[in-house]
Amino acid sequence: EAVMDIFPVRCQVEWTTLESGCIEVTLDKNLTKIEAKVARILGAPTFVRRPMDKMNSALWVLMDGTRNVRTIVEEMDAKFDEAISPVSERVNNSIAQFVELGLVSLTRMKGDFDWDIGSSAV
């Protein structure tokens, strides 16, 4: 199955590990010029922090460009067992959502990216 041989890689987004062990990403709000101006005047943030649940946090850390989807599915299955059943479907759906949000890129070769993916240092 071709999908299993793809390597998901975190995009260059700001992220951090919370005390809970969960991951939180910081996203730009992609404001229009007018919205950005209003946000500046009001002192509103131009970014949003998105915390992830435990499973997506674990998945996030695994998507470092060194593991293909097959390996990630195996590691997630070993870590979460029944809680993540059906594992292949859930992992693939989560990866697809990350890609849709522009947080993850897919590559056909291990380590085939040239940007900083951040580290999981707490």
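First, a convention: a crossing is left-handed if the near helix is turned anticlockwise from the far one by less than a right angle, and right-handed if clockwise. Helices (H or I, at least four residues) and strands (E, at least two) are DSSP runs, numbered from the N terminus.

Two notes on the source. This is a predicted model: local features need pLDDT of at least 70, side-chain atom pairs count only at pLDDT 80 or more, and totals for chains, interfaces and linings use all residues. Residues are numbered from 1 along each chain as its sequence is written, and side-chain values use heavy atoms, with hydrogens and water left out.

Now the crossing itself. Helix 2 passes helix 3 in a right-handed crossing. Their axes come within 11 Å and cross at roughly 140°. Axes here are lines fitted to C-alpha atoms, for helices over the stretch in contact, and angles run from 0 to 180 degrees between N-to-C directions.

Who makes the contact (heavy atoms within 4.5 Å)? From helix 2, Lys54, Met55, Ala58, Leu59 and Leu62; from helix 3, Ile72, Glu75, Met76, Lys79 and Phe80. The residues of this contact divide into 7 nonpolar, no polar and 3 charged. For that count, Ala, Val, Leu, Ile, Met, Phe, Trp, Tyr, Cys and Pro are nonpolar, Asp, Glu, Lys and Arg are charged, and the others, Gly among them, are polar.

Next, helix 3 alone. It runs over residues 69-80, 12 residues in total, and reaches 16 Å from first to last C-alpha, close to the 16 Å expected. The expected span is 1.5 Å times one less than the number of residues. Val69, Ile72, Val73, Met76 and Phe80 are buried. Buried means under 20% relative accessible area, exposed over 50%, partly exposed in between (1.4 Å probe, protein chains only). Seen down the axis of helix 3, the buried residues fall within an arc of 100°, so they line one face. The arc is that of the directions from the helix axis to the C-beta atoms. What covers them includes strand 1 (7-10), helix 2 (54-62) and helix 4 (87-100).

Helix 4 now. Its 14 residues should span 20 Å, and its end C-alpha atoms are 20 Å apart, which agrees. Which residues of helix 4 are buried? Val87, Val91, Ser94, Ile95 and Phe98. They cover an arc of only 100° around the axis, which puts them on the same side of helix 4. On the other side, Glu89, Gln97 and Glu100 are exposed. The cover over the buried residues includes strand 1, helix 2, helix 3 and strand 5 (104-107).

Between helix 2 and helix 3, look at Gly65 in the loop. Gly65 is buried, with a relative accessible area of 0%. Not counting residues up to four places away in sequence, Gly65 touches Phe7, Pro8, Val9, Lys110, Gly111 and Phe113.

Last, the backbone. Most residues other than glycine have a negative phi, and most peptide bonds are trans. Asp81, which follows helix 3, has a positive phi near 50°. At 49% relative accessibility, Asp81 counts as partly exposed. Asn30 also has a positive phi, about 50°. Asn30 is exposed, at 72%. And the peptide bond from Ser85 to Pro86 is cis, with omega near -5°. Pro86 sits in the loop between helix 3 and helix 4.

Methods: Contact = heavy atoms within 4.5 Å.
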